[in-house]
Amino acid sequence: MSSPGTDRPAIAADAPEFVRLGRTLLQSTEIGLAIIDAESRVPLLINRRLEEWLGDTDFDAAMASVPGLDWASLGATMGEGETRQAELELKVKRRAAAIALRVSGQTFGGRRFLVVEANNVSKLKELEYMMESYAKMLERNERELRREKERAERLLLNIMPRRVFEEIKAIGVSTPQRFDECSVLMLDFVGFTEMSVAQDPSALIAELNDLFTAFDRIVEQFGCERIKTIGDAYMAVSGVPDPAADHAANIARSALRMVRYLERRNQGQSSQWRCRIGINSGPVIGSIVGAQKFLYDIFGPGVNLAARLEAHSGPMEITLCETMVPLLQSEFLLEEREEAELRGFGKRRLYRLRGETSGPR
Amino acid sequence: MAALFDELGGFAAVSRIVSDFYDRVLDSDILAPYFDDVDMRRLVDHQTKFIASMLGGPASYSNEALRQIHARLNIDRAAFDAMKEQLGASLLAHGVSPRDVTNVIADIEARAGYVITRN
């Protein structure tokens with residue numbers, strides 16, 4: 001590259017002092033400066049700073065490489081007072097440098113010039129990139145946090161009804177509540193203990209998980225809520241914590257679907273899953289139990305009676321007693337059974353739930 | 001460790017360390033050649049994440065990620081040590097206590113196996 005900045009003849013010794021001062025300033029400023037003859041594109045001045053940045057790079061070639069500037073035609077097209085801005089990437093001492101350029105058209109004594117001002121904005125760029133990548137990191141962290149929170153919420157909703165979850169989220173605690181109008185379903189599998197010994201335990205648990213997942217879908221479909229599973233036992237409720245006018249019918253329908261689901265599943269399968277179900281309508285208390293390992297659970301006579309009735313079920317049978325009869329008899333087929341002595345409840349008439357009067361089966 | 005990032009004043013303070021470290025790396029005869037063809041944006045991005053995560057801020061590089069990033073850079077022991085030295089100097093110059101610097105460096109040393117790929 002020719003170096004017009006340094007090859008220039010010295011300023012005449014008798015030049016006014018401000019002219020000399022001006023030239024010194026042009027050379028020593030932190031801003032890179034170039035003055036170009038617009039017609040011939042010959043540089044009349046390239047100051048020391050700009051030369052330093054350019055190094056071995058030719059000024060004209062460097063300017064031609066700037067995207068969007070259209071340097072070749074600039075001399076012909078740029079009018080007085082017009083400006084263009086662009087950015088030049090250079091290697092200064094083998095390090096990438098970002099140079100912000102401002103090109104303006106100027107006329108002096110009938111001649112047109114292009115004045116190029118250059119600023120090294122590498123540090124600014126660096127900071128900009130840094131902030132970009134930091135913002136991205138934060139965004140990613142936030143997304144992960146949100147996902148984590150959603151996951152935690154889903155887990156909590158597995159062990160407590162949404163209404164209780166919202167209550168805890170809003171005020172930190174949930175108070176035990178009595179529900180009079182509700183129905184409970186208790187299910188367990190016939191001979192489960194023997195099955196688990198006989199089979200591969202992990203495969204058995206996988207099957208159990210399958211079944212319970214299916215039950216969850218069934219109870220949800222009928223407006224019931226799964227309360228918990230204990231081993232092979234499954235417990236669901238309707239009317240807790242949200243009131244449900246048809247709680248008895250909801251539970252009865254869920255029970256029928258569960259039996260039907262198992263019957264279908266057992267067809268052509270080597271492992272036969274047979275359940276007993278007890279259903280009952282009666283008062284329960286719903287509450288969160290435990291502080292660290294907590295669970296939403298229900299207690300009370302409504303629950304206990306359902307458990308006793310379940311024990312009186314034969315394989316694939318659904319048992320209830322007279323408390324539920326008035327609630328179900330118009331819509332369901334009930335078969336009267338014997339009277340039985342139920343611990344804590346005295347003598348009760350048992351019934352078998354056979355199906356719906358208008359539905360399938 | 002997790003507190004160091006916040007102790008120093010979060011991103012505002014750490015950005016000065018990143019900037020200083022960036023300068024030191026590019027001024028180093030051993031380290032600069034590794035970044036000759038690396039785009040400035042990528043290098044700054046990498047160093048921001050690297051330093052933020054070394055100081056216990058957001059973004060952490062898994063060992064697998066470290067291995068992948070450095071797999072084709074042909075890094076030897078001398079370069080790795082030079083990098084540790086520059087980072088240590090940078091941290092010290094920005095008010096990180098010698099004890100914390102020692103911890104950070106030890107943490108980096110523990111991952112040498114994922115970065116050095118040449119004898």
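A residue counts as buried if 20 or more other C-beta atoms lie within 10 Å of its own, with C-beta atoms placed from the backbone. All views below show a predicted model.

**View 1. Chain A as a whole.** By the criterion above, 30% of the 361 residues of chain A are buried. The chain holds 12 helices and 15 strands. Among contacts in chain A with a separation of 6 or more, 60% are between residues 24 or more positions apart.

**View 2. The seven-stranded sheet of chain A.** An open sheet of 7 strands runs in the order β8-β9-β7-β10-β13-β15-β14 (chain A), with mixed pairing. From one strand to the next the twist averages 25°. A:Lys228 has A:Met235 of β9(A) opposite to it.

**View 3. Helices α10 and α11 of chain A against the sheet.** Helix α10 (residues 247-266) of chain A lies across β7 (183-189), β9, β10 (275-281), β13 (317-321), β14 and β15 (346-356) of chain A. Its direction makes an angle of about 175° with β10(A). Helix α11 (residues 301-311) of chain A lies across β7, β10, β13 and β14 of chain A, and runs at about 145° to β10(A).

**View 4. Buried residues of α11(A).** The buried residues of this helix are A:Gly302, A:Val303, A:Leu305, A:Ala306, A:Arg308, A:Leu309 and A:Glu310. Among the elements that cover them are β11 (284-289) and β12 (295-299) of chain A, together with β7, β10, β13 and β14 of chain A. An α-helix has 3.6 residues a turn, so residues three or four places apart point the same way.

**View 5. Packing of α9(A) on α10(A).** Helix α9 (residues 201-221) of chain A packs with α10(A) at an angle of about 145°, and the axes are 9 Å apart. The two helices cross in a right-handed sense. On the α9(A) side the contact is made by A:Ala214, A:Phe215, A:Ile218 and A:Val219, and on the α10(A) side by A:Ser254, A:Arg257, A:Met258 and A:Tyr261. By class, these residues are 6 nonpolar, 1 polar and 1 charged.

**View 6. Helix α6(A) against α2(B).** Helix α6 (residues 122-159) of chain A meets helix α2 (residues 10-27) of chain B at an angle of about 125°, with 11 Å between the axes. The angle therefore makes α6(A) oblique to α2(B). Their crossing is right-handed. A:Glu126, A:Leu127, A:Met130 and A:Tyr134 of α6(A) make the contact with B:Phe11, B:Ser15, B:Val18, B:Ser19 and B:Tyr22 of α2(B). The contact has 6 nonpolar, 2 polar and 1 charged residues.

**View 7. Helix α6(A) against α3(B).** Helix α3 (residues 40-54) of chain B packs with α6(A) at an angle of about 55°, with the axes 8 Å apart. At this angle α6(A) is oblique to α3(B). The crossing of α6(A) and α3(B) is right-handed. From α6(A), the residues in contact are A:Lys125, A:Glu126, A:Tyr129, A:Met130, A:Ser133, A:Tyr134 and A:Met137. They meet B:Met40, B:Arg41, B:Val44, B:Asp45, B:Thr48, B:Lys49 and B:Ala52 in α3(B). By class the contact divides into 7 nonpolar, 2 polar and 5 charged residues.

Definitions and conventions
Residues are numbered from 1 along each chain as its sequence is written. Chains are lettered from A and ligands numbered from 1 in the order in which they are written. This is a predicted model: local features need pLDDT of at least 70, side-chain atom pairs count only at pLDDT 80 or more; totals for chains, interfaces and linings use all residues. Two strands pair if DSSP finds at least two bridges between them. Helices (H or I, at least four residues) and strands (E, at least two) are DSSP runs, numbered from the N terminus. Axes are lines fitted to C-alpha atoms, for helices over the stretch in contact, and angles run from 0 to 180 degrees between N-to-C directions. Two residues are in contact if their C-beta atoms, placed from the backbone, lie within 7 Å. A crossing is left-handed if the near helix is turned anticlockwise from the far one by less than a right angle, and right-handed if clockwise. Ala, Val, Leu, Ile, Met, Phe, Trp, Tyr, Cys and Pro count as nonpolar, Asp, Glu, Lys and Arg as charged, and the others, Gly among them, as polar. A residue is buried if 20 or more other C-beta atoms lie within 10 Å of its own, exposed if 12 or fewer, and partly exposed in between; C-beta atoms are placed from the backbone. Angles under 35 degrees count as roughly parallel, over 145 as roughly antiparallel, 65 to 115 as roughly perpendicular and the rest as oblique.
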